[in-house]
Amino acid sequence: MATRTTRSKKAKPAEAQDSGFMAAFRELGVEKGINPEILFDAIEAALVAAYKRNFNAAQNVRVTLDRTSGQYHVYAIKTVVEEVQDNIQEISLAMAQQISPNYQLDDTLEVEVTPANFGRIAAQTAKQVVVQRIREAERGIIYEEFSSREGDIVTGLVQRVENRNVYVDLGRTEAIMPQAEQIANEEYAVNDRIKAIIVEVKNSTKGPQVLLSRTHPDLLKRLFELEVPEIHDGVVEIKSVAREAGMRSKIAVYAKDESVDPIGSCVGHRGFRVQAIVDELRNEKIDIVKWSEDPAVYIANALSPAKVVSVDVAESEKMSRVVVPDYQLSLAIGKEGQNARLAAKLTGWKIDIKSETQAEEEGEFQPPVSADSADEAADELGGEDFLAEFENDTFEADEAEEAGEAADSAEEAADAEADGTEIADAADAEAAPQDEDKVEV
């Protein structure tokens, strides 16, 4: 089977009347960002549609277009058969061999049928085809451009708000921010300039649909990359982000170079860097904590601004038990558990927070002796003997305040023993109620 093209002697190549026709299409391609070859293919398809519309032709036709001169040729495609049953689609072997003796059965023959001109209706059809092809090409380019940018931050202008959806002009296309991706209690006015992150790009029949979000945790990450050069350059690394949009966020940062302060880099001089991000997110609170390979240290940092006394971790269960001072318990948990919840999201660990009193009652915690508390207790007892005797023991922080009372009781016991009076039981009886009061406090 072979394909041969035969040009009729009467047929002459058609040429665009406007000498700037091809140049105009090239300029259009540059303006729209479309490959000129796509536009030329669109012209060929338009000429095919125009020919069929103008001559009510149902046969297969092919159009060739000279990319330089603008000349075009129209060819009718026919199949060589022994006996013709369809004059439009077929041609007899005898007639084909009159054109060229090399034709055989089942060969494809192209006969040039280029018309001198097209009618008004055909021209309108050609215009519609060209416009449709250009629109499809634009949609394809926009889809490819934005589908490769999923997860990137973009800046746009609010065009309108309809049915609680915000439509944002991104320049080349219009994006949609659904209500679920909007920050609660945040109001959007026309022409407001906002930053959002591309979460998804859909290719629908109406063209590419770009979905934006201002609640996604990656938005906070991208904003820090824009504001902090150290993060953009890779000197400081963002390890994790936890966010409750519009209320509070936590971000864990780390620097391989020990001479670089990752938290200070993010905060900036006088807090200018982090304040710019807070302003963009409409005063959303942001906690910047230092990441650590040690889970206990990392969890303690994640509970900032609360102070942590101790952290016990269970690697197999990915669970931790945190003890905080009594007066820091509410701060560690946060309003409606927000601080603890964000810390758990940030670290990926389950966190059980207890106060010192709760931990002591359950027998899970004994605070270590601090050097300052031991020195104060030794001074009140009048020497270094107390410190030497109890330097390896543990005691509660508030017992240091009652060390003086213990010293008085010891002196009374010594005097009574010298007089031959046994008061050891009385001393024990006095000590018991003191301990009970301390637990209640």
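The structure is a predicted model, so local features need pLDDT of at least 70 and side-chain atom pairs count only at pLDDT 80 or more, while totals for chains, interfaces and linings use all residues. Residues are numbered from 1 along each chain as its sequence is written, and side-chain values use heavy atoms, with hydrogens and water left out.

The aromatic rings come up to begin with. A pair of aromatic rings is described by the distance of the centres and the angle of the planes. Here, rings of Phe, Tyr and Trp (its six-membered ring) pair if their centres lie within 6.5 Å; planes under 30 degrees apart are called stacked, over 60 edge-to-face, and the rest tilted. Searching the whole structure turns up two aromatic pairs. One of them is Y254 with W291, an edge-to-face pair with 5.1 Å centre to centre and 75° between the planes. This pair ties together distant parts of the chain: Y254 belongs to strand β12 (residues 248-255), and W291, 37 residues apart from it, is in the loop between β13 (285-290) and α9 (295-302). Helices (H or I, at least four residues) and strands (E, at least two) are DSSP runs, numbered from the N terminus. W291 also pairs with Y298: the ring centres are 6.3 Å apart and the planes are at 65°, so this pair is edge-to-face.

Y254 is partly exposed, with a relative accessible area of 23%, whereas W291 and Y298 are buried. Elsewhere, R160 lies over the face of Y167, at 4.1 Å from the ring centre. For such a call, NZ of Lys or CZ of Arg has to be within 6 Å of the ring centre and within 35 degrees of the ring normal.

Next comes helix α8 (residues 272-280), whose buried residues are V274, I277, V278 and E280. Looking down the axis of α8, these residues fall within an arc of 160°, so they line one face of the helix. The arc is taken from the directions from the helix axis to the C-beta atoms. Among the elements covering the buried residues of α8 are β9 (193-204), α5 (217-227), α7 (262-267) and β13, where contact means heavy atoms within 4.5 Å. After α8 comes R282, with a positive phi near 60°.

Strand β10 (residues 207-213) holds L211. Six of the seven residues of β10 are buried, so the strand is largely enclosed by the rest of the structure. L211 is itself buried, with a relative accessible area of 13%. Leaving aside residues up to four places away in sequence, L211 touches I176, I197, I198, V199, E200 and K202. I176 stands opposite L211; the two are 35 residues apart along the chain, yet their C-alpha atoms are separated by 5.1 Å.

Strands of a sheet pair through backbone hydrogen bonds, either parallel or antiparallel. Two strands are taken to pair if DSSP finds at least two bridges between them. β8 (residues 174-177) and β10 run parallel, joined by two bridges. β9 and β10, in contrast, pair in the antiparallel sense over seven bridges, forming a hairpin with two residues between the strands. S204 has G207 in β10 as its bridge partner.

A further set of three strands makes an open sheet in the order β14-β15-β16, with mixed pairing. Its edge strands, β14 (310-314) and β16 (350-355), each pair on one side only. On average, neighbouring strands here are turned by 15° against each other, direction ignored. β15 (residues 319-324) and β16 run parallel and share six bridges, and R321 has D352 in β16 as its bridge partner. α9 lies across β14, β15 and β16 and runs at about 125° to β14. Axes are lines fitted to C-alpha atoms, for helices over the stretch in contact, and angles run from 0 to 180 degrees between N-to-C directions.

Finally, Q328 is in the loop between β15 and α10 (329-333). At 10% relative accessibility, Q328 counts as buried. Q328 touches P305, A306 and K307, again not counting residues up to four places away in sequence.

Definitions and conventions:
Buried means under 20% relative accessible area, exposed over 50%, partly exposed in between (1.4 Å probe, protein chains only).
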